[in-house]
Amino acid sequence: MIRFLPILLAILYALAMYRFSAWRTARELDAKSTPLVDPKLNDMSVKMAKALDLPRIKVHLYEIEPVNGLAAPDGRIFITRGFYNKFRQGAVTAEELASVIAHELGHVALGHSRRRMIDFSGQNALRTALAMVLGRIIPGIGVLIANGLTSLLAARLSRGDEYEADAYAAALLTKAGIGIGPQISLFEKLDALSQNGAGRPPAWLLSHPKTEERVAELRKLQLRWEG
């Protein structure tokens, strides 16, 4: 029984972390967000809602500066204040911002948002269990190996989710009559918008795929669906 104690403790830790992370995320978003209402974006929202047979698509404005969009575990969609400001300044079009919303809708529809929270908790539990085991086998560097292995696993899972959400968004935008073009054009300017272009780590260590690889996949879909 003592042999399995680290695994049991890791499982209990994962459950506790999941509950805490979900609560903390919801509290943070509730405190720093409001409904996003913009007449210039309304036409895009109407088109996508019609394509999904929904009465409307609710989007919230998250009051932080980094350029980003996100989908909460409870299904809510958020655009950051920094991203919205780029739109208001003319650096991003309504169609391009709609592609971000479509991408986040993909994360919700495909179950990524909730699964990521569970994966995050599970990865922490796995890291703890591996650190306990490897720390005994390889004192000194066992913990570092455990951290490296779980980080690689997390990055790979996240990149797969991004490709799936990209494909979902492309299908939705095509059905809504917006097309894949704005999705591609946004990716082509995303590094400049987020000032992330320099000093990036190798693609296999990123939680998101390289931008050029995502664009290449979207062009394949565009060629197939839009001729």
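## Salt bridges, cores and a pocket

The structure holds eleven salt bridges. This is a predicted model.

**Overall layout.** The protein has eight helices and four strands. From the N terminus on, the elements run α-β-α-β-β-β-α-α-α-α-α-α. Of the 227 residues, 39% are buried. Among contacts with a separation of 6 or more, 69% join residues 24 or more positions apart.

| Pair | Distance, N to O |
|---|---|
| Asp43 and Lys47 | 3.6 Å |
| Arg81 and Glu63 | 2.8 Å |
| Arg214 and Glu162 | 3.3 Å |

Take Arg214 and Glu162 to begin with. Their side chains meet in a salt bridge. Arg214 lies in helix H8 (residues 211–226) and Glu162 in helix H6 (residues 142–175), so the bridge ties together parts that are 52 residues apart in sequence. Arg214 has a relative accessibility of 6%, so Arg214 counts as buried. Glu162 is at 2%, and it also counts as buried.

Asp43 and Lys47 both lie in H2, four residues apart, about one turn of the helix. An α-helix has 3.6 residues a turn, so residues three or four places apart point the same way. Asp43 is partly exposed, at 41% relative accessibility. Lys47 is partly exposed too, with a relative accessible area of 32%.

Then there is Arg81 with Glu63, whose closest N and O atoms are 2.8 Å apart. This pair links distant parts of the chain, 18 residues apart. Arg81 sits in helix H3 (residues 81–88), while Glu63 sits in the loop between S2 and strand S3 (69–71). Glu63 has a relative accessible area of 36%, which makes it partly exposed. Arg81, in contrast, is buried.

**Helix H3 and what follows.** Which residues of H3 are buried? They are Arg81, Gly82, Phe83, Tyr84 and Phe87. Phe83 has contacts well beyond its sequence neighbours. Leaving aside those within four places, Phe83 is in contact with Pro66, Val67, Asn68, Gly69, Val92, Leu97, Val100, Leu186 and Leu190. After H3 comes Gly90, with a positive phi near 90°.

**Nonpolar cores.** In soluble globular proteins, nonpolar side chains tend to be buried together. Here the largest nonpolar core has 31 residues. Met48, Ile79, Phe83 and Ile101 have the most contacts inside it. Two or more residues come from each of H2, S2, strand S4 (77–80), H3, helix H4 (94–109), H6 and helix H7 (181–194). H4 gives the largest share of this core, seven residues. A second, separate core has seven residues, including Ile184, Phe187, Val215 and Leu218.

**The second largest pocket.** What is the volume of the second largest pocket? It is about 350 Å³. Its lining has 17 residues. Leu36, Asn42, Ser45, Arg56 and Ile57 lie nearest its centre. The elements giving two or more residues to the lining are helix H2 (39–51) and strand S2 (59–62). H2 gives the largest share, six residues. By class, the lining has eleven nonpolar, three polar and three charged residues.

**Two local details.** Asp53 lies in the loop between H2 and S2. Its phi is near 60°, a positive value in a residue other than glycine. Is Asp53 buried or exposed? At 67% relative accessibility, Asp53 counts as exposed.

Arg159 is found in helix H6. At 16% relative accessibility, Arg159 counts as buried, because buried means under 20% relative accessible area. The C-alpha atoms of Arg159 and Pro209 are separated by 5.4 Å. Along the chain, these two residues are 50 residues apart.

**H2 in brief.** H2 holds both Asp43 and Lys47. H2 gives six residues to the lining of the second largest pocket.

Note on methods: Residues are numbered from 1 along each chain as its sequence is written. This is a predicted model: local features need pLDDT of at least 70, side-chain atom pairs count only at pLDDT 80 or more; totals for chains, interfaces and linings use all residues. Side-chain values use heavy atoms; hydrogens and water are left out. On a 1 Å grid over the protein atoms alone, a cavity is a set of points where a 1.4 Å probe fits but cannot get out, and a pocket is an open set with protein on both sides within 12 Å along at least five of seven lines; lining residues have an atom within 4 Å of a point. Grid points are joined across faces, edges and corners, and a volume is the space filled by probe spheres set on the points. Ala, Val, Leu, Ile, Met, Phe, Trp, Tyr, Cys and Pro count as nonpolar, Asp, Glu, Lys and Arg as charged, and the others, Gly among them, as polar. A salt bridge is a side-chain nitrogen of Lys or Arg within 4 Å of a carboxyl oxygen of Asp or Glu. Buried means under 20% relative accessible area, exposed over 50%, partly exposed in between (1.4 Å probe, protein chains only). A nonpolar core is a set of buried Ala, Val, Leu, Ile, Met, Phe, Trp, Tyr and Cys residues joined through side-chain atoms within 4.5 Å. Contact means heavy atoms within 4.5 Å.
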